[in-house]
Each structure stands twice: as structure tokens, then as C-alpha cells.
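Subject: Structure handover

Hello,

I am passing this structure on to you. Please open it and keep it in view while you read the notes below.

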Amino acid sequence: MAFPRSAVVALSLALVAPAPLQAQSLACSGTLLELQVQQQGTAAFDRFRFELGLEAEATSKAEALEQLNRRLAALRRVVAPLASGELTIPAPSSYRSGGGSSGPVRERISTSVSGQVSKTNYDALIQAAGRLPGVNLQGFTAQAAGASEAQLQSRLLREALAEGKRQAHATADALGLRRVQLLRIDQRGGGGIRPVPYGMAAARSFNPDEVRPPERSVSLALDYCLS
């Protein structure tokens with residue numbers, strides 16, 4: 001499943017002498033048409049990458065660490081049954097706050113818990129983790145499902161080529177030319193799926209289908225010879 005996409009096209013015309021566009025490119029003895037074509041789309045998704053912040057605070061580092069351990073154990077108990085696969089929990093970091101006119105010195109220790117959760121358990125994990133003390137819901141990022149990324153890439157590439165061909169023929173018609181020859185294809189940027197972070201906000205429930213899906217774009221530089 002894929003969602004609507006947009007196309008952006010820029011073109012330029014140049015009359016050139018017979019010469020290759022670049023190494024191993026065909027020569028053009030007519031009008032050289034250079035196009036920039038971009039297609040964008042979204043991929044179907046079935047899971048999220050989540051990250052939860054966890055903090056503890058006390059008058060001493062030992063007490064803060066003990067509190068963090070208790071909170072981490074409670075967080076593990078509610079998150080592990082809902083998450084898909086292993087959780088990632090880095091070593092904690094600590095710092096001091098307060099002191100002087102701002103009050104007594106406080107020791108703060110923090111870490112994070114990240115992993116993946118299915119669309120089915122999305123809201124349940126938010127509700128369970130969000131109610132625990134010291135837990136911050138730092139965000140959820142939609143992840144492309146199975147072969148949807150490859151399918152989207154293939155579709156966007158076909159559409160970009162088709163759009164380039166359409167623009168080339170339209171330009172040739174406007175100039176009274178009949179022959180359209182593709183000389184060069186240069187695929188630029190696009191990369192892989194671009195995840196879209198989803199910020200959290202207070203609500204009674206969260207619908208995973210309301211989250212923006214991961215996005216991809218394909219950008220082509222196309223050279224045509226019109227004659």
C-alpha cells in the first residue's frame with residue numbers, strides 16, 4: 001500500500017553542437033533538454049521504533065541510582081511484553097543540579113529504553129509507559145513494512161521516468177520537433193526511507209493510523225535530445 005505523492009519538474013533548453021554530454025554519453029545534434037524530475041511517496045508501515053527517557057533524582061548518587069534501578073525494573077515489566085524483540089538500554093549518565101541560592105545539590109541519573117512495537121501494541125505501550133514515574137515519551141518513528149520500501153522505490157522510479165518522457169515530448173511538440181531521444185539518466189538523492197518522528201502529546205488514546213507514514217523521494221536528472 002502506498003499513499004499520494006507529488007512531482008516537481010524543472011527544465012532548461014540549450015542548443016549545442018554535436019558533442020557528448022559526458023563520458024560514454026550519446027551526442028546530440030539538435031536541442032538538448034535537461035530535466036530535473038522528483039517523485040515523492042509514502043510507504044506502508046506496520047511497526048514503530050520507540051524511545052523512552054528515564055530519570056531519577058535524589059540527594060546522593062547512590063540513592064538516585066537505586067531509584068533509577070527501581071524505575072527501570074518497573075518500566076521493563078510493562079514494556080517488555082508489548083515490545084517486539086529486544087530492548088536497548090544504554091549505561092546511565094549522571095549530573096548535579098542546584099546548590100547555593102538555588103537550593104541543595106541534587107544528583108540526577110538518566111538513561112533510555114528503546115525498541116520496536118507493533119501497531120497493535122502502539123497505544124498500549126504509550127499508556128503503560130507514560131504513567132510510570134520518571135518516564136518521558138521521547139517519540140515514536142514509523143517503520144516501513146516488509147517489501148513496501150522496495151515496491152515504493154520501484155514505483156517512484158517508473159513514475160519519474162514517465163514524467164520526464166511526458167515533459168520531453170511536450171517540449172518537442174512546442175518546438176515543432178518530432179524526435180525525442182533519452183541520452184542520460186542520473187539518479188540523485190532519495191536515499192532510503194526517511195522516517196518521520198512522531199512527537200507525543202497528552203491524549204486519552206493514540207491511533208497508529210494517524211501517524212505520518214515513512215517517506216521516500218526519487219530525484220532524476222534526465223537529458224533528452226530533441227530533433
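Here is what was found in it.

**Ground rules**

This is a predicted model, so local features need pLDDT of at least 70, side-chain atom pairs count only at pLDDT 80 or more, and totals for chains, interfaces and linings use all residues. Residues are numbered from 1 along each chain as its sequence is written, and side-chain values use heavy atoms, with hydrogens and water left out.

**Overall layout**

The chain has three helices and 11 strands. Both are DSSP runs, numbered from the N terminus: helices are H or I with at least four residues, strands are E with at least two. Read from the N terminus, the order is β-β-β-β-α-β-β-β-α-β-α-β-β-β.

Of the 227 residues, 39% count as buried. Buried means under 20% relative accessible area, exposed means over 50%, and partly exposed is in between (1.4 Å probe, protein chains only). The accessible surface of the chain comes to about 12500 Å². Carbon and sulfur atoms hold 51% of that surface. These areas come from the Shrake-Rupley method with a 1.4 Å probe; for residues, only the protein chains shown count as cover.

Contact means heavy atoms within 4.5 Å. Take the contacts in the chain with a separation of 6 or more: 79% of them are between residues 24 or more positions apart.

**Helix H3**

Helix H3 covers residues 148–175, which is 28 residues. Its expected span is 1.5 Å times one less than its number of residues. That gives 40 Å, and the end C-alpha atoms are 40 Å apart, which agrees. Gly176 follows H3, with a positive phi near 75 degrees.

**Two cores**

A nonpolar core is a set of buried Ala, Val, Leu, Ile, Met, Phe, Trp, Tyr and Cys residues joined through side-chain atoms within 4.5 Å. In soluble globular proteins, nonpolar side chains tend to be buried together.

The largest core here has 27 residues. Those with the most contacts inside it are Phe48, Phe50, Leu52, Leu75, Val79, Leu125 and Phe140. Two or more residues each come from strand S4 (45–58), helix H1 (61–79), strand S7 (106–118), H2 and strand S8 (135–144). S4 gives the most, with seven residues. A second, separate core has 15 residues, including Val37, Ala144, Ala160 and Ala168.

Leu54 sits in strand S4. Leu54 counts as buried because its relative accessibility is 1%. Leaving out residues up to four places away in sequence, Leu54 touches, among others, Leu68, Leu72, Leu75, Ile109 and Pro133. Leu54 and Pro133 are 79 residues apart in sequence, yet their C-alpha atoms are 8.5 Å apart.

Leu222 is in strand S11. Leu222 is buried too, at 0% relative accessibility. Its contacts beyond four places in sequence include Leu33, Leu35, Val37, Ala160 and Arg184.

**Two buried polar residues**

Arg184 lies in strand S9 (residues 180–188). Arg184 is buried, since its relative accessible area is 15%. Its side chain makes a 2.8 Å polar contact with the side chain of Asp223. A polar contact is a pair of N or O atoms within 3.5 Å; within protein, one must be able to donate a hydrogen and the other to accept it, and residues adjacent in sequence count only if both atoms are side-chain atoms. The C-alpha atoms of Arg184 and Glu34 are 9.4 Å apart, although the two are 150 residues apart along the chain.

Gln127 is in helix H2 (residues 122–130). Its relative accessible area is 17%, so Gln127 is buried. Its side chain makes a polar contact of 2.9 Å with the side chain of Arg131.

**The disulfide**

How many disulfides does a search of the whole structure find? It finds one. A disulfide is a pair of cysteine sulfur atoms within 2.5 Å. This one joins Cys28 to Cys225, S to S 2.1 Å. The link is right-handed, with 80 degrees about the S-S bond. Cys28 lies in the loop between strand S2 (7–15) and strand S3 (31–43), and Cys225 lies in strand S11 (residues 215–226), so the pair ties together parts that are 197 residues apart in sequence. Cys28 is buried at 1% relative accessibility, and Cys225 is buried at 3%.

Best wishes
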